[in-house]
Amino acid sequence: MISTGRHMITRRHIMSAISGGVFVIAASLSPQMATAQETVKFGVSLPITGDMAEYGSFIRNGIELAIEQANADGGVDGKKIELVVEDSRSDPREAVLVAERFVANDEILLEIGDFTSSASMAAAPVYEAAGMAQIAPTASHPDYSGLGNNMVRVMAMQQAESQFLARWAAQDMGKAKIATIYVNNDWGVQANAAFVEEAKAQGVEVLTEEGITPGEKDFAAVVTKIKNMEPDAVFIAAQYAEMGAILGQSRRARLQTQFFNSGAPQSPELLELAGSAAEGIAAAALYFADNTDPVSRAFTEAYVAKHDVKPNLFAALGYDAGLIAVTGARAAGGERSAVAPAIFKLSGFQGATGGFDYTVSRDPVKAYARTTVRDGAWVMFD
Amino acid sequence: MFEQLINGLTQGSIYALLALGFTIIFGVLRMVTFAHGEVFMVGAYSGFVVFTHLQDSLVLAIVAAVVTTFLLGALMEIVAFRRLRDAPHFSSLLVTIGFSVVLTQLALLIFGAEVEAIPMRQIEGLAFSEIRIGEVYVSYLQLSVLGVAILIMAATFLFFKYSRLGTAIRATAQDHEAAMAMGVDVNRIFTVTFAFGSMMGGIAGVLIGFYYNLFYPTMGVMLGLKAFSAAVIGGLASMPGAIVAGLMIGVVEVFSVDFVNSSFRHLIAFVFMFAILLIRPQGLFGSGQLRGARGD
């Protein structure tokens, strides 16, 4: 067993060394670098490889769209914005190493990332010590924004979404016995704890709370167990890859109940993965593709024009993080330490995931829409 | 209870198939391959490609995985391990790690990091069909996984016991110099064995890929680790050991979810394996008899 562990570490090191090398080469070969003299650099720390790479690529698409639009609109003080993307694999240890490289590079003005709360929070002290703004598109852990004066939260706090779902289940649907499944990481534990706390406060009996390993795809045992407990509803805190697998395997195990999800609302991928097993699930959405709000709609149209697929929440949050970064950079006059204070003076910010006011709170409060899946499409729940 | 037992046996039969690959390769070539989980992934993707682009047939997907991973195994053996036969063990071990990285990155380049799934309209019938046994329903795919795994294992036993090639492989495993002296083409045996072991991984891959309808570049990592552990628990060179240990780990995992909590699933599985090794350091079926067969 000991030797097995050692080999895993070896392999991981080799993998990260190789992927790190690839990105350094890619960055030095990028055409903008060779041609444009006057640039402003934004560091981007995201999972480009590993289990969470797909989320990283959506966020990156969103950021890139915002930066392209900003560059077309004059960049920052007439300088083009250039992204320096590094792969953290959303591994907290890697995220710290990426942070150290970014702060050591004088050309980098601010940072956008990481994907998971765990990775963002691990890297936060490095950015804070260097006075560099860390703009986290997806960190929803309650502790994140309190880690320093340079931590910028884009996502609403997970707690608010979980409480919204718990009240929906208990008050509006009258569910009395609920089981929960959550991904065992900082985000999932928080999402589950907030749901369970609110559900219990509403008088709901919580039958079991099942943690699953990130990246796990075998849920036959856990859904069979939950089926035998005969719940009125099941709350699942998981992104679409796990969520799709849980729904498919629940259907196979004949677990028929009302599913609530946090982590995959509005995701077209979930519909592909789960097919008809996704019908009727309940989810709270921050971003939805059919939103008629002008900023949100403009984002959706630009994204579809560029990528030919509808964006999801991750791409939308990446876009909003990009917008906030540009606003901060334009107001900072090239000073690293001036970026975050400039962002926190923002009031009436409008993004693809709604509007909010950093002057009121550094934890954006956003409105949720009740959504569900009907006939293979995300629609409003009525 | 019965449902959970079936869940455990299904999961366990995949561990067993993968562990069998480790065991066959170790038994003959005396080397551990850390690319096995990635070969498993290649098997899954080849089934996926055939199913989505050629014809939606599970049988054809399995055949595709068999052919691809057999050839891949043969290629890896001829290109790399043949040259390293007299090199220290760590060299070939490092090469297997290299192969695992190369295969993962290739999959990442070809298919991207996104989780791929067969479109539901193509697989809906297969995915959600079920068979009623008494009071409980068992899914058709679950039975297919179990059935194919048992079939492959039985065929492997018969192959090694009765076929000429199987006998030659067993002879080589016992003493490759003596086998060579008896006219066995040892190089060919090593290639075939590595290819055969890889093929077991490929079959496990296509089965699990269809069972969950999820295909992604890192799908073999955790399973590869568990299966390697199962092979060690089984005694590393024992085929029945690999199968029994694989099934046991599957069942232990499922019941640790049922009786305790899914958070503890991997913890309990590994503690269980650790406990077995404490009691029987040579593994369940390990006799130590094969050790030193090649003078090392």
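Predicted model: local features only at pLDDT ≥ 70, side-chain atom pairs only at ≥ 80, totals over all residues.
**View 1**
Chain A is divided into domain 1, made of residues 2–156 and 295–356, and domain 2, made of residues 158–285. Where the two domains meet, the contact takes 13 residues from domain 1 and 15 residues from domain 2. On the side of domain 1 that touches domain 2, the largest share comes from H5(A), with three residues. An unreviewed UniProt entry lists residues 39–359 of chain A under "domain: Leucine-binding protein". This span is 47% helix and 20% strand, and its end C-alpha atoms lie 30 Å apart.

**View 1. Strand S1 of chain A and its parallel partners.**
Strand S1 of chain A covers residues 39–46 and is mostly covered, with seven of its eight residues buried. S1(A) pairs with strand S2 of chain A, residues 80–87, in the parallel sense over eight bridges. Within this pair, A:Ser45 stands opposite A:Glu86 of S2(A). S1(A) also pairs in the parallel sense with strand S3 of chain A, residues 108–113, here over five bridges. In this second pairing, A:Val44 faces A:Ile112 of S3(A) as the residue opposite. Helix H3 of chain A, residues 53–72, belongs with S1(A) and S2(A) to a right-handed β-α-β unit.

A:Asp114 is located in the loop between S3 and helix H5 (117–130) of chain A.

**View 4**
Strand S13 of chain A, residues 369–374, runs antiparallel to strand S10 of chain A, residues 282–285, and four bridges join the two. One bridge partner pair is A:Ala285 with A:Ala369 in S13(A). S13(A) also pairs in the antiparallel sense with strand S14 of chain A, residues 377–380, over four bridges. In that pairing, A:Thr371 is opposite A:Met380 in S14(A). S13(A) and S14(A) form a hairpin with two residues between them. In the turn, A:Asp375 has a positive phi of about 50°.

**View 2. The contact between chain A and chain B.**
Chain A contributes 37 residues to the contact, and chain B contributes 37 residues. On the side of chain A that touches chain B, the elements that give two or more residues include helix H1 (2–29), H3 and strand S7 (205–212) of chain A. H1(A) gives the most to this side, with seven residues.

**View 3. The largest nonpolar core.**
The largest nonpolar core has 223 residues, and those with the most contacts inside it are B:Ala16, B:Leu18 and B:Ala19. Helix H9 of chain B, residues 186–212, supplies the largest share of this core, 16 residues. The core also draws at least three residues from each of domain 1 and domain 2 of chain A. Not counting residues up to four places away in sequence, B:Leu18 touches several residues, among them B:His36, B:Phe40, B:Met200 and B:Ala227.

**View 4. Two loop residues of chain B with positive phi.**
B:Arg30 has a positive phi of about 55° although it is not a glycine. B:Arg30 lies in the loop between helix H1 (2–29) and helix H2 (36–53) of chain B. This residue counts as partly exposed because it has 19 C-beta neighbours inside 10 Å, whereas a buried residue needs 20 or more. B:Asn213, also not a glycine, has a positive phi near 50°. B:Asn213 is in the loop between H9 and helix H10 (221–234) of chain B. With 27 C-beta neighbours inside 10 Å, B:Asn213 therefore counts as buried.

An unreviewed UniProt entry lists several spans of chain B under "transmembrane region", including residues 57–81 and 267–285. Residues 57–81 of chain B are 96% helix and 0% strand, and the end C-alpha atoms are 35 Å apart. Residues 267–285 of chain B are 68% helix and 0% strand, with end C-alpha atoms 24 Å apart.

Key:
Residues numbered from 1 in each chain as written. Chains lettered and ligands numbered in written order. UniProt positions renumbered as here; feature names shortened; annotations may be inferred. Buried ≥ 20, exposed ≤ 12 C-beta atoms within 10 Å, placed from the backbone. Pairing = 2+ DSSP bridges. Right-handed = clockwise from strand over helix to strand, strands pointing away. Core = buried A, V, L, I, M, F, W, Y, C linked by C-beta atoms within 7 Å. Domains from an automatic or database assignment. Contact = placed C-beta atoms within 7 Å.
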